[in-house]
Amino acid sequence: MTRITVVGAAGRMGRRLVALGHADPALVVVGAVDAADHPEQGKDAGELAGVGPIGVPLSAELSAELSAGPSVVIDFSLPEGTRKTIAWCAAHGVGLVIGTTGLTDADDRAITAAAGAIPILRASNFSLVVNVLHELVARAAPLLGPGYDIEIMEAHHRFKKDAPSGTALALAQTACAATGRSFKDDVLTTRSGDDVPREPHQITVQSIRIGDHAGEHTVYFAALGERLELKHVSTSRDSYVLGALRAAAWLGGKPAGRYDMKDVLGLG
Ligand code: NAD
């Protein structure tokens, strides 16, 4: 049984981490941390998560009591909070799963340094299916060879600011690495004009933004007469939550080191 503490516990991801972590027989939620000025400070984290009281109040600081036994902190907050969490976990010998985005290269170096003292795992996308999709793309691309066109299509809700999505670009990167293409030279994010037929080496990433779409990524492999579509459909952010909880259960009791979702899936 791994004891977990959630940082950012009053946020959208944090509340689902508490709710689904509480329901997971391999985990016990022992701590819930959020910003000191959060208006819900002191309230029961289970009640905030909609699962009833679990005896864990929302607090402003990580507690040294958490260091006993296999214990993991899961941080889905903001970079400023995550920086404090990395330092605290390294100083107290507690494992750490990081989902916060927007971290800098210096933060990434701090994560690598902390891996000398604790087991630590950072992932930009915790969805197990997206991680498996990367693996399938990496296997399919060289199996099919250069005669098969590779294109990527992603769809998200109308409020999404960035395009293409980070996940679509990461999938393009995986396809490039698997086929010897250059991400910089071969990946396009638009195709428009009077005379722009597909060049064999190109991978185009197309984005559409519609309504409240929860997110979809399709990687196409096509030649004359046939097509393979590898598609991930997201229906809620619980996919990331379940992946992060699986990572925490896996990380509990592991030796110090830097891990990723490939290790969790046994693909490392
Ligand atoms: P959110 O804004 O709903 O929640 C963030 C929470 O962190 C808030 O409750 C906020 O008060 C808290 N917080 C802010 N500063 C803090 C500090 N110094 N210490 C402790 N807590 C602090 O955001 P969200 O949608 O829950 O997303 C949280 C993070 O997770 C974002 O960076 C988001 O991009 C990332 N995310 C990652 C993945 C993934 O798969 N890696 C998936 C979804 C979201």
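**View A. A nitrogen atom of the ligand sits 3.3 Å from a polar backbone atom of A35.** This is a predicted model, where local features need pLDDT of at least 70 and side-chain atom pairs count only at pLDDT 80 or more, while totals for chains, interfaces and linings use all residues. Residues are numbered from 1 along each chain as its sequence is written, and side-chain values use heavy atoms, leaving out hydrogens and water. Over at R12, a polar backbone atom lies 2.9 Å from a ligand oxygen. On its own the ligand exposes 860 Å², and the protein buries 78% of that (Shrake-Rupley areas, 1.4 Å probe).

**View B. Here's the shell around the ligand, 21 residues in total.** R12, M13, D34, T101 and F126 come closest. Sorted by class, the shell has nine nonpolar, ten polar and two charged residues. In this scheme Ala, Val, Leu, Ile, Met, Phe, Trp, Tyr, Cys and Pro are nonpolar, Asp, Glu, Lys and Arg are charged, and the others, Gly among them, are polar.

**View C. Five strands make an open sheet with mixed pairing, in the order β8-β9-β7-β10-β11.** Strands are DSSP runs of E with at least two residues, helices are runs of H or I with at least four, and numbering starts at the N terminus; two strands pair if DSSP finds at least two bridges between them. At the edges sit β8 (187-188) and β11 (226-233), each pairing on one side only. Further in, β7 (residues 149-156) and β10 (residues 216-223) pair antiparallel over seven bridges, and I152 has V219 in β10 as its bridge partner.

**View D. Zoom in on the hairpin formed by β10 and β11.** These two strands run antiparallel and are joined by eight bridges. A223 stands opposite E226 in β11. Two residues separate the strands, and G225 in the turn has a positive phi of about 95 degrees.

**View F. Look for the cis peptide bond joining A163 and P164.** Omega is about -10 degrees here, and P164 lies in the loop between β7 and α6. Most peptide bonds are trans.

Key. Near = heavy atom within 4 Å. Polar contact = N/O pair within 3.5 Å; in protein donor to acceptor, adjacent residues only side chain to side chain.
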